Amino acid sequence: MSDRVDAPEPLQNPATPQTVATMHDAVGPAPAGGQPPTRAIHLGAPIRHITFREAMDSESAKIRSVRSTFWTLLVSLLLSVGISVLIAAVTSANWDTISPTERANMDMSSVVAGVYFGVLVTGVLGVLVVSSEYSTGMMRTSLTAFPRRGTLFAAKTLVLAVVVLVVGLIIAFASYLLSSPFYTKHGVELSLGHGGNLRALLAVPVYLTIVALMGLGLGYLLRHTAAAISSLVGLMFVIPIITNFLPGSIGKDINKIVPSNAGSAMMITHSTLNGAPPLSPLGGFVALLIWAAVLIVPAFVLFRHRDA
Amino acid sequence: MIQATALTKRYGPRLAVDQADFSVAPGKVTGFLGPNGAGKSTTMRMILGLDHPTAGAVTINGVPYHRLAAPLREVGALLDAQAVHGGRTAYNHLLVLAKANGLPRSRVEAVIDLVGLHSVARKRSGGFSLGMGQRLGIAAALLGDPGIVMFDEPVNGLDPEGILWIRNLMKALAAEGRTVFVSSHLMSEMALTADHLVVIGLGRILADESMAEFIAKNSVSYVRVRSPRMSELAPRLAGRGWRVDRQPDDSVHVYDAKPEQIGDAAGAEGMWLHELTLVQSSLEEAFMRLTAGAVEYHAGGLEQAQGEQGGSPQQQGTRERRRRPPRDAVPNWGTPDPAQAGTRDGSAGPQAGTPDAQNQERAQ
């Protein structure tokens, strides 16, 4: 009854404070009595400074180890290629009913028309690689393992870009192989050596990648999956509808620079956008880069300074 | 070694951490104790560089966290076991972290074995139970064989076996010479694991001392005496130089005297007693006294508005709170105050509050 709460027995440990180096390098003394549960894990290797390479290794392990990566890329591929082929087949089957103006408008952008939809799904992947880390709390764990935020941001961006670029190339050439025969048999010139056809086809992975990076930027800015995806849909699908309603040449000019039309401009060789000439391919590329920068630069600044 | 200097974090008008100075030394378990909302997690997030201090600084072995060469090799932290992507398997989660610090795959396997997650290592962590999630978090913390480990409320929600495992793990880590910094809102838990205490309340460091010092400073004991002839007995006990506090329920609390002395004195006066009980104030009570003015969320209580305004809340309102302790605010508080178990509303309540039950608890 009379004994009181006592402090636990002082733990047996070397009274001398160890230096940081020996703390890691030497195998610590086993606790007196009982089995030392952590002893087996002692790591002897010297500490190397973490660099961009470690961040890349970690980020690529991350993107490979969740199912959403596989599914979004697969859906984007099926959607892009499938819709491209579908449009090509329907166009070909109804060739006789198509007006000469419309026939003249057929070019590489028609061959890869499905990308107009598939781009949203790779954009969603861009959102998810960031927003899923915020929604699960994984971002805090990631930053604890790799606290150099600028480097981590760069690594994540690069890993996403490479993945989408590769899948985008597959989408581009799969679409070309499967849907171009429907057009060439009606005399549309689509050989890759001709005009801007190769450039227009290679614009597909570039377009997909830049939009995925826009998704990434939105993920950082909003840190919330649904909000970021909604914003991306708004940017890609809703804003073009609104700008379409703007009157006069100003309306047409603004309409040209929305992301989807800037992307189309890169894939067009001679067709028009709703009857108006699009931006030049380079102009479209620059416009898209500006869109991406407008999202990614603030995302970077916020990511570095915001509490995680 | 973790060193905080005037560490301050402000969220809008609220000071979450206010000029905190403390250090966490190697080779022992340092308990970071405070009520909910006291600033424990915020402080830990600042240590890890997740939150930026509004003012002041905190360093790990002399440098800010983000400057550490390979952070996981120096600090292992478990702040929130749920902070994992549930779609990733346990193995891949650890692999992602290992790669971020250039650690070999063999480390991933070693920590999986260490925490006993081998059978579920290839399962997605989203389906893990709380205990398994906690083990995964601990595996991540130990991945780099760090010299410093930090756990935020590690036993919350765990079953007794899990709690015991974590307690022993922390002691073993400290015995190996590592710095162990563990937060809790349960004094009873700290009493079993910590060698040193840093107590925080409303963002201020209220104590930074060894457990032994804390106990010596903060514990109080008294004898509860009940007698049918109390009106005669009380002045005579007081006459012997003991402090006698009359209680509303007709008992008295006698300080500075042993039960046998009081019994002898009563006998010598020809009085008889109906109760003679030694009441030890628990560490829990000491902790609550210390943080009495520093509990963020009080449950609604009629008297609470009183002791809270004005200057030094630690002293002011102490007497008030002896009748209505802030325990009401924190249902999970652990051992109830024995002095109040019977007096608060007349019903004795669960016997966990009696001194005997407390002793059993300590005996574990």
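# Helices of chain A and sheets of chain B

From the N terminus on, the elements of chain A run α-α-α-α-α-α-α-α-α-α-α-α-α. The model described here is predicted. Chain A has 13 helices and zero strands. Of the 308 residues in chain A, 46% are buried. Among the contacts in chain A with a separation of 6 or more, 77% are between residues 24 or more positions apart.

## Helix packing in chain A

Two packed helices are described by the angle between their axes and the distance between the axes. For helix 6 (residues 115-136) and helix 10 (residues 225-245) of chain A, the axes come within 9 Å and cross at roughly 155°. Because an angle over 145 degrees counts as roughly antiparallel, helix 6 of chain A is roughly antiparallel to helix 10 of chain A. The crossing of helix 6 and helix 10 of chain A is right-handed.

On the helix 6 side of chain A, the residues in this contact are Val119(A), Leu120(A), Gly123(A), Val124(A), Val127(A), Leu128(A), Ser131(A), Ser132(A) and Ser135(A). They meet Thr225(A), Ala228(A), Ile229(A), Leu232(A), Val233(A) and Met236(A) in helix 10 of chain A. By class, the contact between helix 6 and helix 10 of chain A has 10 nonpolar residues, five polar residues and no charged residues. An α-helix has 3.6 residues a turn, so residues three or four places apart point the same way.

Helix 12 (residues 259-267) of chain A is largely enclosed by the rest of the structure, because nine of its nine residues are buried. The buried residues run from Pro259(A), Ser260(A) and Asn261(A) through Ala262(A), Gly263(A) and Ser264(A) to Ala265(A), Met266(A) and Met267(A). Helix 6 and helix 10 of chain A are among the elements that cover them. The cover also includes helix 5 (108-111), helix 9 (197-222), helix 11 (248-257) and helix 13 (281-305) of chain A.

## The six-stranded sheet of chain B

In chain B, six strands form an open sheet in the order 5-6-7-3-8-9, with mixed pairing. Strand 5 (75-78) and strand 9 (204-210) of chain B are the edge strands, and each pairs on one side only. Neighbouring strands of this sheet are turned by 15° against each other on average, direction ignored.

Within the sheet, strand 3 (residues 29-33) and strand 7 (residues 179-184) of chain B run parallel and are joined by five bridges. Phe32(B) has Ser183(B) in strand 7 of chain B as its bridge partner. Helix 1 (residues 40-47) of chain B packs on the sheet, where it touches strand 3, strand 6 (148-152), strand 7 and strand 8 (196-201) of chain B. The direction of helix 1 makes about 150° with that of strand 6 of chain B. Helix 8 (residues 211-218) of chain B also packs on the sheet and touches strand 8 and strand 9 of chain B. Its direction makes about 110° with that of strand 9 of chain B.

## Strand pairs of chain B

Strand 1 and strand 2 of chain B form a hairpin with two residues between them, and Gly12(B) in the turn has a positive phi of about 60°. Ile2(B) has a bridge partner in strand 2 of chain B, Val24(B), and another in strand 4 of chain B, Ile60(B).

| Strand | Paired strand | Bridges |
|---|---|---|
| strand 1 (residues 2-11) of chain B | strand 2 (residues 14-24) of chain B | seven bridges |
| strand 1 of chain B | strand 4 (residues 55-60) of chain B | five bridges |
| strand 10 (residues 221-226) of chain B | strand 12 (residues 252-255) of chain B | three bridges |

## The four-stranded sheet of chain B

Four strands of chain B form an open sheet in the order 11-12-10-13, and the pairing is antiparallel. The edge strands of this sheet are strand 11 (243-246) and strand 13 (275-280) of chain B, each pairing on one side only. From one strand to the next, the twist averages 25°. Val225(B) has Val252(B) in strand 12 of chain B as its bridge partner.

Helix 9 of chain B lies across strand 11 and strand 12 of chain B and runs at about 150° to strand 11 of chain B. Helix 10 (residues 259-268) of chain B packs on the sheet, touching strand 10, strand 12 and strand 13 of chain B. The direction of helix 10 makes about 160° with that of strand 13 of chain B.

Met230(B) is in helix 9 (residues 230-239) of chain B. This residue counts as buried because it has 20 C-beta neighbours inside 10 Å. Leaving aside its neighbours within four places in sequence, Met230(B) is in contact with Asp250(B) and Val252(B). The C-alpha atoms of Met230(B) and Glu109(B) are separated by 69 Å, with the two residues 121 residues apart along the chain.

Note on methods: Residues are numbered from 1 along each chain as its sequence is written. Chains are lettered from A and ligands numbered from 1 in the order in which they are written. This is a predicted model: local features need pLDDT of at least 70, side-chain atom pairs count only at pLDDT 80 or more; totals for chains, interfaces and linings use all residues. Two strands pair if DSSP finds at least two bridges between them. Axes are lines fitted to C-alpha atoms, for helices over the stretch in contact, and angles run from 0 to 180 degrees between N-to-C directions. Two residues are in contact if their C-beta atoms, placed from the backbone, lie within 7 Å. Angles under 35 degrees count as roughly parallel, over 145 as roughly antiparallel, 65 to 115 as roughly perpendicular and the rest as oblique. A crossing is left-handed if the near helix is turned anticlockwise from the far one by less than a right angle, and right-handed if clockwise. Ala, Val, Leu, Ile, Met, Phe, Trp, Tyr, Cys and Pro count as nonpolar, Asp, Glu, Lys and Arg as charged, and the others, Gly among them, as polar. A residue is buried if 20 or more other C-beta atoms lie within 10 Å of its own, exposed if 12 or fewer, and partly exposed in between; C-beta atoms are placed from the backbone.
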